[in-house]
Amino acid sequence: METTSTAEVPSGFAGAGPSSSVFEFHGLTLFESAGGFGSYGSGVGAGPCLTVMATEQVPSAEEFDPSSWSFNGPVYSGCAIGAFPASVEVGFDSNTPSELRDRFPSGRALQFVLDGDRLGVFLDSE
C-alpha cells in the first residue's frame, strides 16, 4: 500500500511528526508516530510506532489545538522493537467504520504492518 498524498495528520497529534508517513484504508487513518498508546515505544532497539484510528477522528490542521487534543473512539497502536516492525491488530466490532465493514463483510480482524514506507494489510475472515 502506498502512502496517500491527500491524507494528513497534524504534527503533534497523537505522536505524529512533521514527516510521518500517513495511510488511509477504508475509513481508517494510519500514521507513523513517535510513541504508542499503551505500547512499548522507547528503549534499546525501539523503532517507529504505528497508530490507527477512524479517519473521522483525525482533526484538520486548522482544527488541531496542540495544547488540548481529544477524540471519541478507539485508537490502536504498536511499536517496532528489535527486528520486528510496528504492527497493529484491529478487530471488527460496532466501532469499525461502515466503509470497512462493507468492503470486508466476513472480516473478523485486520493486521497492519509498517515496514519502512510500506504498509502491509492482512485480513482474518470467517
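These are my notebook entries on what I looked up in this predicted model.

**Ground rules**

I number residues from 1 along each chain as its sequence is written, and my side-chain values use heavy atoms, with hydrogens and water left out. Since this is a predicted model, I take local features only at pLDDT of at least 70 and side-chain atom pairs only at pLDDT 80 or more, while totals for chains, interfaces and linings use all residues.

**Entry 1: the overall layout**

I started with the secondary structure, where helices (H or I, at least four residues) and strands (E, at least two) are DSSP runs numbered from the N terminus. The protein chain has one helix and seven strands. Along the sequence I read the pattern β-β-β-β-β-α-β-β.

Next I looked at burial, with buried meaning under 20% relative accessible area, exposed over 50%, and partly exposed in between (1.4 Å probe, protein chains only). Of the 126 residues in the protein chain, 36% are buried. The accessible surface comes to about 7000 Å², and carbon and sulfur atoms hold 48% of that. Those areas come from the Shrake-Rupley method with a 1.4 Å probe; for residues, only the protein chains shown count as cover.

Then contacts, meaning heavy atoms within 4.5 Å. Among contacts with a separation of 6 or more, 47% are between residues 24 or more positions apart.

**Entry 2: the cores**

I went looking for nonpolar cores, each a set of buried Ala, Val, Leu, Ile, Met, Phe, Trp, Tyr and Cys residues joined through side-chain atoms within 4.5 Å. In soluble globular proteins, nonpolar side chains tend to be buried together.

Which residues touch the most other members of the largest nonpolar core? I get Phe25, Leu30, Leu50, Val52, Leu100 and Phe112, out of 17 residues in that core. At least two core residues come from each of β1 (22-25), β2 (28-33), β3 (46-54), β5 (86-91) and β6 (107-115). Apart from this core lies another one of 10 residues, including Val9, Met53, Val58 and Phe64.

I clicked on leucine 50 for a closer look. Leaving out residues up to four places away in sequence, leucine 50 touches Leu30, Phe31, Ser33, Tyr76, Ser77, Gly78, Ala86, Val88, Phe112, Leu114 and Leu119.

**Entry 3: aromatic pairs**

My rule: rings of Phe, Tyr and Trp (its six-membered ring) pair if their centres lie within 6.5 Å; planes under 30 degrees apart count as stacked, over 60 as edge-to-face, and the rest as tilted. I count three aromatic pairs by this rule.

Phenylalanine 13 and phenylalanine 64 make an edge-to-face pair, 5.9 Å centre to centre with 90° between the planes. This pair links distant parts of the chain, 51 residues apart: phenylalanine 13 is in the segment before β1, phenylalanine 64 in the loop between β3 and β4 (75-81). Both phenylalanine 13 and phenylalanine 64 are buried.

Phenylalanine 25 and phenylalanine 112 are also edge-to-face, at 5.8 Å centre to centre and 80° between the planes. Here strand β1 holds phenylalanine 25 and strand β6 holds phenylalanine 112, 87 residues apart. Phenylalanine 25 is buried at 11% relative accessible area, and phenylalanine 112 is buried at 0%. Phe25, Phe104 and Phe112 form one aromatic cluster.

**Entry 4: strand pairing**

I call two strands paired if DSSP finds at least two bridges between them. Strands of a sheet pair through backbone hydrogen bonds, either parallel or antiparallel.

β1 and β2 run antiparallel, joined by four bridges. Glutamate 24 stands opposite threonine 29 in β2. The two strands form a hairpin with two residues between them.

β5 and β6 share six bridges, and valine 90 has leucine 110 in β6 as its bridge partner.

Most residues other than glycine have a negative phi. I noted two non-glycine residues here with a positive phi: alanine 14 at about 50° and histidine 26 at about 45°.

Is alanine 14 buried or exposed? Alanine 14, in the segment before β1, is buried at 4% relative accessibility. Histidine 26 sits in the loop between β1 and β2 and is partly exposed, with a relative accessible area of 27%.
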